[in-house]
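Please examine the sequence and the structure before turning to the solutions.

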Amino acid sequence: MSAAAPVALCVAVPRSRTRDVAACALQMWAYLAAYEMPHDDPEALQRRVHIDYPVRIDTVIGLGTPPTLRLQRLLSAPGSIRRGEKVLVWCHWVWFAVPHVAAAYVLIRRRERFGRAAATTYAVFDLGALVYHLLPTAPPWYAASRGRLEDHDETRVRRMMIEYGEQFWKHRWGPLYSLLGGNPLAAMPSLHFATSVNAAHLLGEVGVVEGAIGWTYALTLGLALVYLGEHYVVDLLAGLALTEGVRAAAPKLTPLALRAGRVVSALEARARA
C-alpha cells in the first residue's frame, strides 16, 4: 500500500513543487515501512543475521584490528564523552535530515535537476532496504555485545551514541530512539554514508561551496559511523559502491523513467477529464 502512495498522489494531484515534496515524503514512508519490516519478528531476524563476515573484513582493513576498536582505544576515554565525540554523535543524528535537505535545495536552486536528484536519492534508499531484507547484517556494537568483536585486548566497543543520547535527551531518549531505531540489524550497506555521498554529489552540481559543505559532512559522518561503532568500514565501502552504481546507471535508465512518467501523466489527465 505505501509503495503505491507516491504514484497515486501523482495521478490525483497536478504537478507542482508541493506535489514533488509530498511525493518524496510518501516515498520515504514506503522506505521506512520496508526498512522496519524485517524487525517485525526480532527473533526470526536474529536467527538470520550475519555477524562475523564484516568483522573479518574490517580486521584485514585495520591490519589485524578492526578500525572501530583501533580508533576507540586510541582516542576515547571510558566513562566520559569528549567534546569531539559529541560533535560526531550530532553529525550522526542530523543525518536524518541531510539527504532530504540536499534534494530540497536542488529543488529550490536548480528545479530542472530535481527529478534526477530525487530519483538517485530515493533509489539508494530503496535498494539499501532490499539488501537489508536479503542480507541482514549486524553493526559493530551488536557484534561486540555478542562477544564477536574482540582481539587480544580487553577493550570493548562503546556505543557512544547511546551514552550521550541518555545524557543529553534524558527521559526523552527512550521514545526518540524507539522511533528512529526501527531495525538495529541493518548495517550493510551503510545508507547513512551512501545517501550522504549522494547528497554531496548533488550539492556539488549546484555550486562549489555547496559541494565542499556536502563532502565535508559526508567524510565527517563516515569517520563518526566507524568511530562510534555504528558501522564497519566495509559497510561504508558498500554504501559508496551503491551510490556510485546508482549514479552511473541513472543515464541509462532515464528513458525508461521518462516512459513511466508519461504513463503517470496520462493517468493524471484521465483522472481530471
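Helices (H or I, at least four residues) and strands (E, at least two) are DSSP runs, numbered from the N terminus. The model is predicted: local features need pLDDT of at least 70, side-chain atom pairs count only at pLDDT 80 or more, and totals for chains, interfaces and linings use all residues. Residues are numbered from 1 along each chain as its sequence is written, and side-chain values use heavy atoms, with hydrogens and water left out.

**Exercise 1.** State how many helices and strands the protein has.

Solution. The secondary structure comprises 14 helices and zero strands.

**Exercise 2.** Determine what share of the residues of the protein is buried.

Solution. Buried means under 20% relative accessible area, exposed over 50%, and partly exposed in between (1.4 Å probe, protein chains only). Of the 273 residues, 45% count as buried.

**Exercise 3.** Describe the salt bridge between Arg 116 and Glu 205.

Solution. A salt bridge is a side-chain nitrogen of Lys or Arg within 4 Å of a carboxyl oxygen of Asp or Glu. For Arg 116 and Glu 205, the distance from N to O is 3.5 Å. Arg 116 belongs to helix 8 (residues 114-134) and Glu 205 to helix 12 (residues 191-206), so the pair ties together parts 89 residues apart in sequence. Arg 116 is partly exposed at 36% relative accessibility, and Glu 205 is partly exposed at 31%.

**Exercise 4.** Characterise the salt bridge between Asp 20 and Arg 15.

Solution. The closest N and O atoms are 2.7 Å apart. Asp 20 is buried, with a relative accessible area of 8%, whereas Arg 15 is exposed at 52%. A network of salt bridges links Arg 15, Asp 20 and Arg 111.
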